[in-house]
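Hi,

Here is the structure I promised to pass on to you. Have a look at it first, and then read on for what turned up.

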Amino acid sequence: LIAGLQSMAGLFAQGDIYFNPRPGIVWEHTGPQVSPSGEEAAFAAVLGPGDAVFMVAANDMTEDGLVSRFDAASGDPVWSAPWPGVNTPCAIALVGTDKIICLGRSNAVISLLMLTTDGTELWSQVYPAIGELATSAPDPVMAVDSNGDILVSAATGEYNQSDVTTTKIDQQGGVVWQETYTSSGLQFDAPHDITIDGAGNVIVVGTTTQNGADALDHLVLKY
């Protein structure tokens, strides 16, 4: 037994662990390309009904985005829709069973794109009223509640003096409410995730250096 444990410990130390059976790639796909330059990268994906995988990607050179649907069983591409002017897609989520919402950065403002699950664009909108996004801060985060309303939280303002701005947006793209959290001392505050509890309340988790802290501390906000 001791010899067996020592052998296993050696394998872990070497990073040479084999699974039985070993996992295999079922399918892979490297396109369609956002542009001929091929500098694209996938950022987020969500699994939808009917064996659908929805993905958002961006092109580093053109700073345009792309939303694609793939068949989860076969890996075949079903459709792709352009998302102009979005240099950093951040998240994608289902709205009900027939729509998807995409969250991205258009330089210093938030961009949202609503599509049907068959690729038809319903609306696209940027939100400068949310406030200038802090550079080098974590990307904005998004969740969708049971009514299909969209919750977005982002670090806004200067990077080292950013605030947490959380906004509720309806299915037509209109702002329902917006709240900004500022810790004491104009310190770095930023969200990392957002979720919704069973009663519809919004919970944002992130980091803060309030009160002149020397290191990041956790931050939890409930709306």
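**Salt bridges**

Asp139 and Arg105 form a salt bridge, with 3.5 Å between their closest N and O atoms. Asp139 sits in the loop between strand S8 (121-127) and strand S9 (141-144), while Arg105 belongs to strand S6 (residues 99-106), so this pair ties together parts that are 34 residues apart in sequence. Arg105 is buried, at 9% relative accessible area, whereas Asp139 counts as partly exposed at 34%. Please keep in mind that this is a predicted model.

The structure holds five salt bridges. Another one joins the side chains of Lys168 and Asp145, at 3.8 Å from N to O. Lys168 is in strand S11 (residues 163-169) and Asp145 in the loop between S9 and strand S10 (150-156), so parts that are 23 residues apart in sequence are tied together. Both ends are buried: Lys168 has a relative accessible area of 18%, and Asp145 one of 12%. Asp149 comes in here too, as Asp145, Asp149 and Lys168 are linked in a network of salt bridges.

Lys222 and Asp197 also form a salt bridge, their closest N and O atoms being 3.7 Å apart. This pair links distant parts of the chain, with Lys222 in strand S15 and Asp197 in the loop between strand S13 (189-196) and strand S14 (202-208), 25 residues apart. Lys222 is exposed, with a relative accessible area of 58%, and Asp197 is partly exposed at 24%.

**Around Thr88**

Thr88 is found in strand S5 (residues 88-95). Its relative accessible area of 16% makes it buried, because the cut-off for buried is under 20%. Apart from neighbours within four places in sequence, Thr88 is in contact with Phe43, Gly104, Arg105 and Asp139, so you meet the two partners of that opening salt bridge again here.

**Aromatic pairs**

A search of the whole structure finds two aromatic pairs. In one, the ring centres of Phe54 and Trp79 are 6.1 Å apart and the planes are at 45 degrees, so the pair is tilted. Phe54 lies in strand S2 (residues 52-59) and Trp79 in strand S4 (residues 77-83), so parts 25 residues apart in sequence are tied together. Phe54 is buried at 1% relative accessible area, and Trp79 also counts as buried, at 13%.

The rings of Trp177 and Tyr223 have centres 5.8 Å apart and planes at 40 degrees, so this pair is tilted as well. Trp177 counts as partly exposed at 25% relative accessibility, and so does Tyr223 at 28%.

Enjoy exploring!

Terms used. Residues numbered from 1 in each chain as written. Predicted model: local features only at pLDDT ≥ 70, side-chain atom pairs only at ≥ 80, totals over all residues. Heavy atoms only, no water. Helix = DSSP H or I, 4+ residues; strand = E, 2+ residues; numbered from the N terminus. Buried < 20%, exposed > 50% of the residue type's maximum accessible area, 1.4 Å probe, protein only. Contact = heavy atoms within 4.5 Å. Phe/Tyr/Trp six-rings, centres within 6.5 Å; stacked < 30°, edge-to-face > 60°. Salt bridge = Lys/Arg side-chain N within 4 Å of Asp/Glu carboxyl O.
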